[in-house]
Amino acid sequence: MAGEPRISLEQGERQAIIRLSGSWVIDHAGNSEETVDGTLDAVKNVQRVVVRGEGIDALDTVGAWQLNGMYTALAERGIEVEQDGFRAAHSRFIARIAKVSASGEPAEPRRRNGILKRLEGLGRTCVGGLRHAGESAEFLAGVFMTTLRILVHPRRFRFGAVVANMYRAGVTAIPIVGLMAFLISIVLSYQGVVQLERFGAEIYTINLTVVSLLREMGVLLTAVVVAGRSGSAFAAELGVMRLNGEIDAMETLGMSPTEVLVLPRILALMIMVPLLTFLADLFGLVGTAFSARMLVELSLPQFLHQARSALTPDSFWMGMIKAPVFAFMIATTATFWGIKEAESPEEVGQQVTISVVQSIFLVIVADAVVSVALSRAGI
């Protein structure tokens with residue numbers, strides 16, 4: 001059959017000529033091995049063998065390995081072997097195989113040039129991004145369908161799990177959220193005074209700080225704290241459960257991990273983050289009042305009067321409306337990475353880190369988009 005490896009042998013008194021032709025590739029490995037063995041048996045009573053390879057159509061690793069094996073077998077019998085007529089690429093390939101065979105070490109990977117490396121990296125990034133997008137869409141669809149199922153069958157709702165997560169993710173976070181809001185408001189006030197006193201308008205530091213706090217900083221600061229504190233905890237808990245096979249056991253028993261583990265955590269954060277944002281606003285106002293007293297010697301009634309003149313209902317509600325949206329982003333990101341397959345504790349740690357970074361990134365991007373949109377809408 002055309003393409004099969006072939007060997008023709010011309011036997012002389014002291015020298016033999018072996019002519020190779022056909023395709024010496026893995027598809028014909030069985031035939032080429034039999035051909036080589038038959039040739040070795042036929043070569044007798046010679047001191048030198050010339051192997052001519054101009055008839056070789058194709059040569060891969062298997063074919064080169066078989067030819068090198070034939071050379072080695074002839075050399076072990078004390079026969080001198082000489083190659084002739086081979087393509088340069090085939091000769092280099094066989095020499096490389098011979099070198100690897102002699103050293104017993106695996107061949108070095110073929111070096112790629114810069115463009116191929118970049119294309120390969122781009123391809124891997126695109127495939128990974130598409131795979132991640134598909135997994136995220138499947139996860140969100142599962143959360144949505146589970147929510148609908150619970151609305152149809154309210155008895156399946158796990159009220160106790162929601163309350164427990166509200167306590168862990170919300171109540172225990174009150175001290176850190178309050179302290180950070182208090183300190184951030186002081187920092188904003190000091191920076192505002194430094195800039196506005198040049199124009200004799202340091203009293204408007206109250207307006208700047210209060211509006212920034214209620215509209216942006218309160219909810220953003222709360223979301224960042226919750227993502228770093230509660231989001232990482234969610235991802236780590238679920239990751240360890242996945243690693244220990246607990247989630248697989250739940251699925252085997254017919255229990256839905258999304259219903260039992262994911263949805264209670266999402267609902268808990270969507271309830272607690274708006275409440276934490278409200279508390280952050282209150283602590284921030286206290287910090288602003290303290291700064292006003294220290295920096296511009298405003299009494300509490302004067303501070304309240306100035307704050308009321310700066311505030312509008314929109315400033316307050318813009319921050320509060322964003323809170324449950326940010327909470328949903330944080331909770332879904334954390335539970336998605338937590339419930340994802342992991343093969344080792346190190347991989348769980350990496351997924352926790354990714355979940356925190358991704359949560360904060362999504363929150364900041366969403367906040368920027370909403371802020372720009374509201375500014376353009378004149379709100």
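Predicted model: local features only at pLDDT ≥ 70, side-chain atom pairs only at ≥ 80, totals over all residues.
A residue counts as buried when its relative accessible area is under 20%, and as exposed when that area is over 50%; partly exposed lies in between.

**A salt bridge between helices**

Start with Glu259. At 6% relative accessibility, Glu259 falls under the 20% cut-off, so Glu259 is buried. Glu259 also forms a salt bridge with Arg149. The closest N and O atoms of this pair are 3.9 Å apart. The partners come from distant parts of the chain: Glu259 sits in helix H9 and Arg149 in helix H4, 110 residues apart. Arg149 is partly exposed, because its relative accessibility is 31%.

The whole structure holds 15 salt bridges. Side chains of opposite charge can pair when their charged atoms come close. Glu80 belongs to strand S4 (residues 80-84) and Arg48 to strand S3 (residues 48-59). They are 32 residues apart, so this pair too is described as linking distant parts of the chain. Glu80 is partly exposed at 47% relative accessibility. Arg48, with a relative accessible area of 24%, is partly exposed.

Another bridge joins Asp84 and Arg52, at 2.3 Å from N to O. Asp84 lies in strand S4 and Arg52 in strand S3, 32 residues apart. Asp84 counts as partly exposed at 31% relative accessibility. Arg52 is partly exposed as well, at 23%. Both residues also belong to a network of salt bridges that links Glu10, Arg19, Arg52, Glu54 and Asp84.

| Pair | N to O distance | Elements |
|---|---|---|
| Glu259 and Arg149 | 3.9 Å | helix H9 and helix H4 |
| Asp84 and Arg52 | 2.3 Å | strand S4 and strand S3 |

**Nonpolar cores**

The largest nonpolar core has 39 residues. Within this core, Leu261, Leu269 and Ile330 touch the most other members. Several helices give two or more residues to the core: H4 (114-152), H6 (174-196), H7 (205-243), H8 (246-252), H9 (257-295), H11 (313-339) and H12 (345-376). H7 gives the most, with 10 residues.

Take Leu269. Leaving aside residues up to four places away in sequence, Leu269 touches Ala169, Val226, Ser230, Phe234, Pro274, Ala327, Ile330 and Ala331. A second core is separate and has 22 residues, including Ile18, Leu20, Val43 and Leu67.

**The surface of helix H4**

Ile115 lies in helix H4. Ile115 is exposed, because its relative accessibility is 58%. Together with Leu116, Leu119 and Leu122, Ile115 forms a nonpolar surface patch with about 410 Å² of accessible area.

Val127 is also found in helix H4. Val127 is partly exposed, with a relative accessible area of 45%. Val127 and Val352 are 225 residues apart in sequence, and their C-alpha atoms are 22 Å apart in space.

**Annotated spans**

An unreviewed UniProt entry lists residues 166-190, 266-296, 316-339 and 351-374 under "transmembrane region". In the model, residues 266-296 are 97% helix and 0% strand, with 43 Å between the end C-alpha atoms. Residues 316-339 are 100% helix and 0% strand, and their end C-alpha atoms lie 35 Å apart.

Definitions and conventions
Residues numbered from 1 in each chain as written. Heavy atoms only, no water. Core = buried A, V, L, I, M, F, W, Y, C linked by side-chain atoms within 4.5 Å. Buried < 20%, exposed > 50% of the residue type's maximum accessible area, 1.4 Å probe, protein only. Helix = DSSP H or I, 4+ residues; strand = E, 2+ residues; numbered from the N terminus. Contact = heavy atoms within 4.5 Å. Patch = residues over 30% accessible without salt bridge, like charges linked within 9 Å, V, L, I, M, F, W, Y side chains within 5 Å. Areas by Shrake-Rupley, 256 points an atom, 1.4 Å probe, with all protein chains shown as cover. Salt bridge = Lys/Arg side-chain N within 4 Å of Asp/Glu carboxyl O. UniProt positions renumbered as here; feature names shortened; annotations may be inferred.
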